[in-house]
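Welcome! Take a moment to look around before reading on.

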Amino acid sequence: MLAYRHHFHAGNFADVFKHAALVRLLAAVAAKDKPFFYLDTHAGIGRYDLQHPWAQKNAEFRDGIGRLWDRNDLPALLAPYMDAVRAENPNGRLRFYPGSPLVARRFLRAGDRMVLSELNQTDVAELGELFARDRQVTVHLMDGYHALKAQLPPAERRGLVLVDSSFDRAGELRRVADALALAHERWATGIYAIWYPLMEPPAMRGFERDVVATGIRKILQLELAVRPEGWTSSLRGCGMLVVNPPYRFDGEAEAIVAWLERVLAADGSRRVRWLVPE
Ligand SMILES: C[S@@+](CC[C@H](N)C(=O)[O-])C[C@H]1O[C@@H](n2cnc3c(N)ncnc32)[C@H](O)[C@@H]1O
């Protein structure tokens, strides 16, 4: 039984950070004329009602998407992300927040393919319903780490994998590093976007060591902290590792994270660097 429910956190700063970066990766992948494959190993329900009692409980979206919604000074790099959110709210009032599957679906062209895995039975049922009539999307009730084994390498030989674990069990940073090593062994040229929460500094150093020890090259690391170091009463910040980022993604990531820091993190910090260069 999985305890984590993303509905409590939908649209929070971590979702904004994650989906804003995801959109740049997808835009780059979809800019080339060849079909691509997209795998979301921890897909969630796909769409979140922010008026649902779970979303209202701590109203985390208010300090996330809520801070961007009414602004008219968004950088052009964020436009496709906001388009994805606006598409779910055609009457102009923020009520629904798109999860990564809906954000990504907007980038699929006729020949592209998307596979979603989710381990929570209730969530996967909702997700399946959302894409029931979509022949380009397949939804599996499956452990995301098994999905990596089952789906890679994809026939298309190009594309993107999002690993967005809920980190609700011990040892997950290690599991993620191991999963990356395994996936990369099967498919070395894919783009991998791996989200993680900022934990205690020793845990983060251990994670970085484990990732570096895989021997994988070309790993960009993006982080956004909305609270100062030592903060423990809520999620302090989050990061994303991007393996094989598209050309110029590093500059885009720096611009996006810098802007998000200004808008979402009065008391925080950011970091964009090559954890492992080419
Ligand atoms: C952070 S949420 C995903 C959010 C989604 N990627 C998005 O951006 O909209 C993590 C999801 O992973 C699911 N989950 C937890 N462990 C899993 C596993 N081993 N395999 C697949 N899904 C899992 C949870 O039920 C939850 O829906």
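## The enclosed cavity

Both α8 (172-186) and β7 (191-197) provide at least two residues of the lining of the largest cavity. Helices (H or I, at least four residues) and strands (E, at least two) are DSSP runs, numbered from the N terminus. The top contributor to this lining is α8, with four residues. The residues around the cavity are Leu148, Val163, Val176, Ala179, Leu180, Ala183, Tyr192 and Ile194. By class they are eight nonpolar, no polar and no charged. Here Ala, Val, Leu, Ile, Met, Phe, Trp, Tyr, Cys and Pro count as nonpolar, Asp, Glu, Lys and Arg as charged, and the others, Gly among them, as polar.

The volume of the largest cavity is about 40 Å³, and a search of the whole structure turns up one cavity of 30 Å³ or more. On a 1 Å grid over the protein atoms alone, a cavity is a set of points where a 1.4 Å probe fits but cannot get out, while a pocket is an open set with protein on both sides within 12 Å along at least five of seven lines; lining residues have an atom within 4 Å of a point. Grid points are joined across faces, edges and corners, and a volume is the space filled by probe spheres set on the points.

## About the model

This is a predicted model, in which local features need pLDDT of at least 70 and side-chain atom pairs count only at pLDDT 80 or more, while totals for chains, interfaces and linings use all residues. Residues are numbered from 1 along each chain as its sequence is written, and side-chain values use heavy atoms, with hydrogens and water left out.

Now for the open spaces. The largest pocket holds about 1,000 Å³ of space. Its lining has 50 residues, and those closest to the centre are Tyr4, His6, His9, Asn12 and Leu235. At least two lining residues come from each of α1 (13-30), α5 (100-105), β4 (113-118), α7 (144-151) and β7. The largest share, five residues, belongs to α1. Sorted by class, the lining has 19 nonpolar, 16 polar and 15 charged residues.

The second largest pocket has a volume of about 330 Å³. Val29, Lys32, Arg158, Ile191 and Pro246 are the closest to its centre among the 15 residues that line it. That lining divides into seven nonpolar, four polar and four charged residues.

## The ligand

Where does the ligand sit? Its place is the largest pocket, where sitting in a pocket requires more than half of the atoms of a molecule to lie within 2 Å of the grid points.

Polar contacts are pairs of N or O atoms within 3.5 Å. An oxygen atom of the ligand lies 2.8 Å from a polar backbone atom of Ser100. A nitrogen atom of the ligand is 3.3 Å from a polar backbone atom of Leu119, and a nitrogen atom is 3.4 Å from an N or O atom in the side chain of Asp143. Taken alone, the ligand exposes 600 Å², and the protein buries 98% of that (accessible areas by the Shrake-Rupley method with a 1.4 Å probe).

## Two backbone details

Leu152 and Pro153 are joined by a cis peptide bond, with omega about 0 degrees. Pro153 belongs to the loop between α7 and β6 (159-163).

Asn244 is not a glycine, yet has a positive phi of about 60 degrees. Asn244 lies in the loop between β9 (237-243) and α10 (249-264).

Conventions:
A polar contact is a pair of N or O atoms within 3.5 Å; within protein, one must be able to donate a hydrogen and the other to accept it, and residues adjacent in sequence count only if both atoms are side-chain atoms.
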